[in-house]
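Hi,

Here is the structure I promised to pass on to you. Please open it first, and then read my notes beside it.

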Amino acid sequence: MTTLDIPWTLAALAEKINATLQGITPEQAAHVLIEGMAPLTTATPTQLAFLAQSRYRAELARTQAAAVLMTITEAQQFKGVSLIVDNPYAAFAILSHCFDNTPKLAVGIHSSAVVHATAIVHESAAVGAHVVIEANSCIGADVQLQAGVFVGARCQIGAGSFLGPHAVVQHDCIIGERVRVHSGAVIGADGFGFAPDKGQWQRIAQLGAVQIGSDSRIGANTTIDRGALDDTIIGHNVIIDNQVQIGHNVHIGDYTAIAACCGIAGSTRIGQHCILAGGVGIVGHISITDNVHLTGMTMVTKSIEQAGSYSSGTAMSESKHWKKMAVQLRQLPDFSLLNMQKQIQALQAEVAALKRQDNP
Amino acid sequence: MTTLDIPWTLAALAEKINATLQGITPEQAAHVLIEGMAPLTTATPTQLAFLAQSRYRAELARTQAAAVLMTITEAQQFKGVSLIVDNPYAAFAILSHCFDNTPKLAVGIHSSAVVHATAIVHESAAVGAHVVIEANSCIGADVQLQAGVFVGARCQIGAGSFLGPHAVVQHDCIIGERVRVHSGAVIGADGFGFAPDKGQWQRIAQLGAVQIGSDSRIGANTTIDRGALDDTIIGHNVIIDNQVQIGHNVHIGDYTAIAACCGIAGSTRIGQHCILAGGVGIVGHISITDNVHLTGMTMVTKSIEQAGSYSSGTAMSESKHWKKMAVQLRQLPDFSLLNMQKQIQALQAEVAALKRQDNP
Amino acid sequence: MTTLDIPWTLAALAEKINATLQGITPEQAAHVLIEGMAPLTTATPTQLAFLAQSRYRAELARTQAAAVLMTITEAQQFKGVSLIVDNPYAAFAILSHCFDNTPKLAVGIHSSAVVHATAIVHESAAVGAHVVIEANSCIGADVQLQAGVFVGARCQIGAGSFLGPHAVVQHDCIIGERVRVHSGAVIGADGFGFAPDKGQWQRIAQLGAVQIGSDSRIGANTTIDRGALDDTIIGHNVIIDNQVQIGHNVHIGDYTAIAACCGIAGSTRIGQHCILAGGVGIVGHISITDNVHLTGMTMVTKSIEQAGSYSSGTAMSESKHWKKMAVQLRQLPDFSLLNMQKQIQALQAEVAALKRQDNP
């Protein structure tokens, strides 16, 4: 494990993000000690806060923070100490790592790990307790394999990647550089491929693997299945939350974000810069173009060719009200709203005619 | 592993729950041997059954059970042997443990476990095969860590807690007393925190941890993420089923129950005594008050301030019917039901006027 | 690990599936080497392809494949080399195993495995690194337990079964022959049984176990809970995808297929030959008859007594449109479509009468 340089000086933190100091001189900032980061409302005088959205501006007046990350626009109205940056939230993201006390594994291979003689582990990599690395796999520089990680045969784990406790990567999968795979994630289990044959299910061997691009992130207990014939492919800087299921031969484009509990069925392709909110379900064998936003729990049953935001489902209401709505909904196919509208219009015309006739 | 005192005498079981015997003398009950518990319909003459809901009363007449747990109200109409208690289902819960033959781990640390020199393991705790306990963690009295459990650095596992095979608790998390964490659950993986920065995702270090109150229950393969700045907090006697996802900085109030496959996004607060049925999805940054009941698969997109039952979604129907409904639903925004209703009323008034005019 | 006989001759593959050669003599086929299988569009001259659905027929003309699996009907219109079979997709499934290079564990017990002295492991079984097998369990012939598998006390794992890395089978569970349980699946964790008692949750010991029939398949990170009093039962040749949750005392009939992310609550019974698409949720204590098809994300809240296809949910639309629809939906209970329709009909009759009166 490493010791962090906590506390940092405000000057040192400002330098890391190329921030402009306001309300404080560089000399003073070199003597202000920062022990952590916190939201505006709870920050103490030894903590740094950030203002990422103007709707939190009211909290500025009362903050106890030593300094606040903000844009130049916000800083013009602020009397306190600020670090001026273009993107305060991204600056916060960068600085958060200065306070990260996640224990780091010791470099080297733990005595309880089982590493096949043909596997190659870089000398700067850390292989934790009870890790298993099978034949002909290659573990890159600075990789951390936490306790209980399984890496199957012929895998490549790129430099700087982190696999959390109990993460599983099965044979022939390729993980890029600086990828983080969290606990319990399973990369490369068999795709769900079965042929119906006289009422029985005949298993199809899954001959592909999984490729994950650099700087991507796979959440805890997420599953990404190996391909049937070709590989399942996750792009570069794709971020995937927990408990997501990605079927065989899915392709996910670069920079796409997938929140927890989404399920994507086999052979579907998702573009770049898409955002899937939690619980979205997508059928197999369709395509979703770039820059699509799917709101929570949306059910996608056909391809999406236009960028934009899409939704399905019904809004929540009190269960009593919901039951009435459900009954009405069931009856909806018994009626044609279009016909009813036309009938009303026809009646309006007829009544108008009758009125004219009666009152010429 | 332990040997249970099976069979029990009916008298011994009655005493454990302070039940009043009916239809049998205490002397007789001391000689009736009970080998297990079973539903009314399948219980044999050496098994104990229970009547928890009056709608199962008809099954009483035909039961072969040695005795039946029931309320005094039910007992007044029953001629057989009964154990009278206030809450038959709770009494059944208590007695179920008399027949639980789940193997218990041997006290002590298995030779294959990897326990850091600075970790403290209570002498009454049981640490199974291939368990890993990292630096400065503290394992309380009577704790059972089943095979393959991972406990990260600086964790506390409260007295009497049980972690099933392969459960993962990451660094700095605090688990209360008598908590049960089932197989494959992951407590304290990174929250899903990323800042968008020029089209890329910048990771935010997750500096908080997870706290779980006493007598809580975390299901198999459930994930509870560590907080971004502060901790994620699960209250006291919270029961959570399998495959639930709880995002960073969520707070769950005491005595709340969460069924399988629910997903709760970051920073949301859920009150006490709530019940979430299976598959509920809740967006981030909202509040749900105490005593809220959410029916299965409800999508919650805004705060709930009134206790009560809430639902969303549509009722199931035959797919053919459902397709027609889906088409009608899509057209719904093209119509104003309110306008149509008003137009009908206007027509009714006009026609009535015309009729009066024609037939004065 | 094994060496596969790759490449195969086309003649050898044809023989394995009793295919009739077309466009090539048996002598020629004995000299055509096949190195793999691929889709029609990407197959190379050393690969075998298949035509399983007539809608892909257009791809036949351009395929580079050495030969194509197809029915006799399709073959009549095809000039190239084909292997004629009744069910090309099932034939593809069978042949896929000829190219499966999944590493096989070495027979025997890895030195790091912890196997209880009373457990019986067949001499042809393979027990990988860090596997744990507890007391009185029985591991059948040719079973593969990959690295980190946990088998609790008194389990039976049938001949030919495969448990992927980190799969968990808890005490007293019975797994049939040739069952595949993928990584991170948890069989036999406690069912979610709690009795409410004065505002608190009282745990009910889960005294049953799980039984899984032969030739079944359990996906990665799927959870199947042990029964409360009796067992949870999965039939023969049931195929279950990843991240499925099956509650205590559920029964799943033979040959049923369950796609990813489904959740089935306790004590529900599902018939034979059913197909559940992804994300289906089913409440507890209901029955679903044989040959039921549930489309993706369907919410099932009551028993289904007629075979057929069932659905729920709403179709996806652009978020703007969806919001309007959601508003209209909420208002639906304020209107009676039936009444509106009747009022329109009454008006039509009255207007017709008025017109006849005015224009006799």
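Predicted model: local features only at pLDDT ≥ 70, side-chain atom pairs only at ≥ 80, totals over all residues.

Residues are numbered from 1 along each chain as its sequence is written, and chains are lettered from A and ligands numbered from 1 in the order in which they are written.

Let's begin inside chain A. Chain A is divided into domain 1 (8-99), domain 2 (108-310) and domain 3 (319-358), with bounds that come from an automatic or database domain assignment. Taken over C-alpha atoms, the centres of domain 1 and domain 3 of chain A are 60 Å apart.

Strand 37 (residues 292-294) of chain A runs parallel to strand 39 of chain A, and 3 bridges join them. Strands here are DSSP runs of E with at least two residues, helices are runs of H or I with at least four, and both are numbered from the N terminus. Two strands pair if DSSP finds at least two bridges between them. In this pairing, Val292(A) stands opposite Gly308(A).

Strand 39 of chain A also reaches across to another chain: 2 bridges join it to strand 40 (residues 317-318) of chain C, and the two run antiparallel. There, Tyr310(A) has Glu318(C) as its bridge partner.

Now to the wider contact between these chains. In total, 68 residues of chain A are in contact with 68 residues of chain C, where contact means that the C-beta atoms, placed from the backbone, lie within 7 Å. On the side of chain A that touches chain C, helix 6 of chain A gives the most, with 8 residues. The residues of that side divide into 30 nonpolar, 31 polar and 7 charged. Here Ala, Val, Leu, Ile, Met, Phe, Trp, Tyr, Cys and Pro count as nonpolar, Asp, Glu, Lys and Arg as charged, and the others, Gly among them, as polar.

And what does chain C touch on chain B? There, 68 residues of chain C are in contact with 68 residues of chain B. Elements that each supply at least two residues of this side of chain C include strand 21 (186-189), helix 5 (319-331) and helix 6 (337-358). Strand 39 of chain C is joined by 2 bridges to strand 40 (residues 317-318) of chain B, running antiparallel, and Tyr310(C) stands opposite Glu318(B).

Enjoy exploring!

Conventions
Contact = placed C-beta atoms within 7 Å.
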